[in-house]
Amino acid sequence: MAFNLVQRFEFESVDYSYDRSGDVLDISFGPPVPGVALQVEDWLAIRMHVAPPYFQGMTIVGFRKIFEKINRYVEKELPKRMQKLARTSVEMSFSYDDQSDTLIIRWTEELSGWRRLAEKLFQQRRTKPSIFETLSSHPGDSLRNVYVEKTLPSKQIVGVKILEFTKVGPAAIEGILGAMIDTIFEPRAEHDENAHLITNTLIENLDWTRLARLIAS
Amino acid sequence: MPGIVQDPTGLEVILTDACWQHVISRHPEMRPFKELVLEAIRQPNGIYLGTRDPARRIYRKHYSAVPGVGNSVDVLVFLGDDNKHVATAYFIGYSFRMLGRLVWPST
């Protein structure tokens, strides 16, 4: 079996609610609809719509308390950040090939609205050359079958490839998410360069510039 | 009417109408399941303290099937900073990492 699933995240329709008394931030792409969460860590859940399956949003419990350690103005800046998020869209594709038992995830950030139109009118899109590198240099850990795809020469991360997906897929995804979270919250710990790069890519998309500086330090 | 229940450690927990309205506005699938949320506090499978926020109390209860939601799901209930009021609650299908430090049942 092989499949190719493509989902475009239109952040134009981003909808959020911050409950100050409970310190809970809920973000949804479009109005909230019934779904089930995947708990990434005890404070972070990704919400999925079940049928058809698509990424519906996320819940952050303890948003101010956790992120104030990184940015003391995080609550005040929330509307501005959501506005900025609403100006971008990301297209993600998930391709699985059963012959090689490989899952490839790729993402492309695009501008929304009139900015996308301007880009289409005035700029030519070219496929950039890319290379794959292992996410972990440790042969024993769950990330040994995970490769990141980087463009050349900028080394911007544009995708992830997981080999032996049916055997190590869940552990590999858990490893990727875990490495990203550890990179954010334990900046002094030793992490692989590619874990830093994936985290930075996501953070830059959300404009968490202060956070990125912390990681780089 | 707010729901007031006691957890297995004797802690009294309040689910206010305002909080419940917030829960069902952001997690519409929860609407018919207020009683499951209260049950998760009264008779959880585990009570945890958060990893990034160690003051945050989390209740987890497993259900083999919940009509309209799915099979093998857990209800998670999070308390607020005051350790008295429910902050939010929702169903999870899978947890990538441990929910934090297990404080009940004690091992």
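Student: In this predicted model, how many bridges join strand 2 of chain A to strand 3 of chain A?

Tutor: Strand 2 covers residues 14-19 of chain A, and it runs antiparallel to strand 3 of chain A. One facing pair places A:Asp15 opposite A:Ser28 of strand 3. The two strands form a hairpin with four residues between them, and the number of bridges joining them is six.

Student: Which residue in the turn of that hairpin has a positive phi?

Tutor: The turn belongs to the hairpin formed by strand 2 and strand 3 of chain A, with four residues between the strands. In that turn a positive phi of about 55° is found at A:Asp23.

Student: Which residue in strand 6 of chain A is the bridge partner of A:Val24?

Tutor: Strand 3 of chain A is also joined to strand 6, residues 54-61, by five bridges, and these two strands run antiparallel. Within strand 6, the bridge partner of A:Val24 is A:Val61.

Student: Why is strand 3 of chain A described as largely enclosed by the rest of the structure?

Tutor: A residue is taken as buried if 20 or more other C-beta atoms lie within 10 Å of its own. A:Val24, A:Asp26 and A:Ser28 point one way from strand 3, while A:Leu25, A:Ile27 and A:Phe29 point the other way, and all are buried. For comparison, buried residues make up 28% of the 217 residues in chain A. Strand 3, residues 24-29, is therefore largely enclosed, because the number of its six residues that are buried is six.

Terms used: Residues are numbered from 1 along each chain as its sequence is written. Chains are lettered from A and ligands numbered from 1 in the order in which they are written. This is a predicted model: local features need pLDDT of at least 70, side-chain atom pairs count only at pLDDT 80 or more; totals for chains, interfaces and linings use all residues. A residue is buried if 20 or more other C-beta atoms lie within 10 Å of its own, exposed if 12 or fewer, and partly exposed in between; C-beta atoms are placed from the backbone. Two strands pair if DSSP finds at least two bridges between them.
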